[in-house]
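Here's a quick briefing on how this protein is put together. Have a look at the structure first, then read on.

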Amino acid sequence: MEEGFGETKEKFNKYACACAIVASMISIIFGYDTGVMSGAMIFIKEDLKITDVEVEILAGILNICALFGSLAAGRTSDYIGRRYTIALSSVIFLLGAVLMGYGPNYPVLLTGRCIAGIGVGFALMIAPVYSAEISSPASRGFLTSLPELCISLGILTGYVSNYLFGKLSLELGWRLMLGVAAIPSIALALGILKMPESPRWLVMQGRLGEAKDILSHVSNSREEADFRFRDIKIAAGIDPDCNDVVLAKVPNNSRGQGVWRDLILRPSPAVRWILIAAVGIHFFEHATGIEAVVLYSPRIFKKAGVVSKDKLLLATVGVGLTKTLFILTATFLLDKVGRRRLLLTSVGGMIFALSSLGICLTVVEHSTEKLVWALGLSITSVYVFVAFFSIGLGPITWVYSSEIFPLRLRAQGMSIGVAVNRIMNATISMTFISIYEAITIGGAFFMFSGIAVLAWLFFYFFLPETKGRTLEEMEMVFSRDPKHENHNQGLEIQPKSSNDVQ
């Protein structure tokens, strides 16, 4: 850790860390909703007598609705601020959880899932953006990966909830699984209002006095706060020497005006590359099959040879534990190892694990007797896949895409990435059963392995290192020649001075 800004040696500001943790808690609710549905679907299908197609729709509709939620969240957060957008997201989650917990029939259950999906779209866009904007470059990887860690904690909690509530009566068990998510939603909606607003959003509104005050709290020294404040003003098109408390007019302020033009219609070469990188990483996060494993792990383990319902749910808890443990590990590596090296290592491991799982499931499917070695290797391959995903591609997708967009394009640029993410999530979750019935379950994982190879090549050629750079420097990073970047000694762009690290 390089020392910058005076005598401070702190790796990250504790107040900024606390703000990022609170903001990331919205992701626990989303993770819970995802994880709990994997087991709840077993009981819902039995209780409501729904078909496999209806199960796929129930699993995937959340992500279709999240697509619209994420697109709306970008504009909303530019209007009302990052903090109130998080509060709005938790209220939407609350409504969805209450409806799903009530769930007297399939249409009501599906409606609740749709409402929760809109909350998901808001949460996925705003939590990493807020965390990135509140943190300094030296700790941004750690703080911005907290939402992904919280998603994993939520998924694990959902799996444990499946196991515990699954012992209750059929009618009550799954409704409690889905309904208890309303409790943390209420707590978060109230708690989020105690947090400060993003200083970068405040600068875009011309509220310079408030922004400067918040920066003094989330920075480790006065020097660092002044340095960050100056950079943010330049990025917003404000004279860096301007010390007005409130500006009547902000030259580069945007509540959505001109953003789509600068992102889609007439982007600069750097912005075009940034958009391609963000869309690509969000596409491959789910195209490589993580949702199939997280949502349908009980079916995968059943295909591998696990028959007991209790054992199926316990094996699924193992998936949640693995995911949480390795994402926790990743949070400490992102600012040390860098985004790019961790990402390429992660996807390389995923390719190996997916190929191994495809082989094992194919052997089991063509065998007339129970193969203990294939069962054990299948479960191990699932855990290895989840581990490699969680130490790289999972958290880096959100860290990378939330930090690379220029200030005035960040909220809506991130919303595009999240929309692509939700489309792919919905595609996999709503078609996985149909895919494996068409090409066998082993064939489905061979397909994911092939997509992972394409992902590795995309990341190698199109994603430069961003570790240690300020948010205001990202356009410069993406203005360079990609071939030059990709062959430049591991592609890490070093800071120009010790101050740049902060």
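**Before you read the numbers**
- Residues are counted from 1 along each chain as its sequence is written, and side-chain values use heavy atoms, leaving out hydrogens and water.
- As the model is predicted, local features need pLDDT of at least 70 and side-chain atom pairs need 80 or more, while totals for chains, interfaces and linings use all residues.

**Overall layout**
- The C-alpha trace spans about 75 × 50 × 45 Å along its principal axes.
- There are two domains, domain 1 (12-250) and domain 2 (254-478), with bounds that come from an automatic or database domain assignment.
- Their C-alpha centres sit 19 Å apart.

**Where the domains meet**
- On the domain 1 side, 63 residues are in contact with 64 residues of domain 2 (contact means heavy atoms within 4.5 Å).
- Together the two domains bury about 5300 Å², with 65% of that on carbon and sulfur atoms; buried area is the accessible area (1.4 Å probe) that two parts lose on being put together, summed over both.
- Glu56, Glu148 and Tyr159 supply 13% of the area domain 1 buries against domain 2, more than any other three residues.

**Charged pairs**
- Side chains of opposite charge can pair when their charged atoms come close.
- The whole structure has twelve salt bridges (a side-chain nitrogen of Lys or Arg within 4 Å of a carboxyl oxygen of Asp or Glu).
- Arginine 410 forms a salt bridge with glutamate 133, and their closest N and O atoms are 3.0 Å apart.
- This pair links distant parts of the chain: arginine 410 is in helix α19 (residues 410-439) and glutamate 133 is in helix α4, 277 residues apart.

Key
Helices (H or I, at least four residues) and strands (E, at least two) are DSSP runs, numbered from the N terminus.
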